[in-house]
Amino acid sequence: MASIAIIVTGGIVRVTGSGLGCTDWPMCTGETLAPTAEMGVHGAIEFGNRLLTGLLCAVVGWVIITARLQERPMPAVLRGGWAQFWIVVLNAVVGGVTVWMRLSPYIVAAHFLAATLLLTAAVYTWHAAYADAGAGGGGGGTPGPVPLAAGSVARIRSLSAALVAVTALLVVVGTLATGSGPHAGDSSDVPRMPFDWTAVTVVHGVLAGAALVLAGVLLSALPRDGFGAARRKTVTFLAVLLGQGLVGLVQSVTSLPSLLVMLHLLGSALVWTGVLQVHFTVRRTRFSDSGPLGATPPPRQAPVASAPSRHA
C-alpha cells in the first residue's frame with residue numbers, strides 16, 4: 001500500500017502544479033528543511049510527498065528486521081527488503097534531480113518508473129514471504145504439485161512472462177504519453193517531450209489491447225484444477241485493466257481532467273501489481289510431469305497381494 005501511495009501522491013504533486021512547491025532538494029528551500037508559510041499549499045503538498053519517503057523507509061526497515069528475527073531464515077524476503085530500501089534511496093535521489101532539472105519530463109518519467117520498480121520489489125517480497133510461510137508448514141501452506149504435461153507448463157509460463165513484458169511496455173509508453181501531454185511536469189511552463197501525443201496514445205491503447213488478449217489466452221490455458229489462485233488473479237487483472245482502459249479513454253476525450261489523471265495513475269499501479277500477482281502465482285505453482293502433451297495418465301493399479309506360502 002505504501003508503494004502505491006508514493007505513486008498516487010506523486011501524481012497529486014503533478015496535477016496540482018506543486019512540483020516546485022519546494023524549490024530545492026534535499027532542503028525545501030536554500031535555508032529551511034520544511035516549507036514556509038509564504039510557499040502556501042503547493043509547498044505543503046510537495047513536502048508531504050517527501051515525508052512519505054520517510055514512512056516508506058520505516059516500513060521497509062520493519063520488513064528487513066522482521067525477516068532477520070525469524071527463527072527459520074527467510075533469505076528471499078530479506079533480499080526483497082533490501083532491494084526496496086535501495087530503490088527508495090534511488091527514488092529519493094531521482095526526485096531531487098527532478099527538482100534540480102526544473103521538472104524535465106524525462107526525469108519526471110524516470111521518477112515514476114523508479115516508483116514502479118519499488119512496487120515490483122514490494123510485490124516480490126510479499127510473494128517470497130507467502131512462499132516461506134508455506135514452506136514452514138504454517139498458514140495456508142504451498143499446495144502440492146499439480147500434474148500437468150511439460151508442454152502445457154512451458155506454454156503457461158511463457159504466456160505469463162509475455163503478459164508481464166507487454167504490460168511493462170504499456171507502462172513505459174504511458175510515461176511517454178504523459179510527457180507529451182499537459183501533465184508532463186506540473187504546469188504550462190514545463191517543456192514537453194517531442195512526441196505526437198495522439199500517436200503515442202494510440203500505441204498505448206494498442207498495447208493495452210494486446211495485454212487484454214494475452215491475459216484472456218492465459219486464462220483459457222490455466223486448468224481449473226490446481227490453478228484456482230492464478231485464475232482468480234488473472235480475472236481480477238482483466239477487470240482492473242478494463243477499468244483502466246475505460247478511464248484512459250474518457251480522459252483522452254475530455255481534455256485530461258486532473259481527477260481522471262489521478263485515477264489513471266492509481267490504475268497503472270493496480271494494473272502493474274495485478275500482472276505481477278498473476279506471474280508470481282504461476283511461477284510459485286509446483287508441477288509434476290503427467291506425460292506427453294495431451295496424454296492421459298495411466299490408471300493406478302491396486303497392489304497385488306502375495307500368495308500365502310504352502311508348508312509341507
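Buried means under 20% relative accessible area, exposed means over 50%, and partly exposed lies in between (1.4 Å probe, protein chains only). Start by selecting Cys 57: with a relative accessible area of 33%, this residue is partly exposed.

The model is predicted: local features need pLDDT of at least 70, side-chain atom pairs count only at pLDDT 80 or more, and totals for chains, interfaces and linings use all residues. Residues are numbered from 1 along each chain as its sequence is written, and side-chain values use heavy atoms, with hydrogens and water left out.

Next, select Cys 22 and Cys 28. Their sulfur atoms are 2.0 Å apart and form a disulfide (a pair of cysteine sulfur atoms within 2.5 Å). The structure holds one disulfide. The torsion about its S-S bond is about -85 degrees, so the disulfide is left-handed. Cys 22 is at 0% relative accessibility and counts as buried; Cys 28, also at 0%, counts as buried too.

Now move to Leu 163 and Phe 237. Among the 54 residues of the largest nonpolar core, these two touch the most other members. Such a core is a set of buried Ala, Val, Leu, Ile, Met, Phe, Trp, Tyr and Cys residues joined through side-chain atoms within 4.5 Å. Elements giving two or more residues to this core include helix H5 (150-180), helix H7 (228-253) and helix H8 (258-284) (helices are DSSP runs of H or I, at least four residues, numbered from the N terminus). H8 gives the most, with 11 residues.

Stay on Phe 237. Leaving aside neighbours within four places in sequence, its contacts (heavy atoms within 4.5 Å) include Leu 163, Thr 167, Ala 211 and Val 278.

Last, select Val 63, Ala 67, Ala 76 and Val 77, which are among the six residues of a second, separate core.
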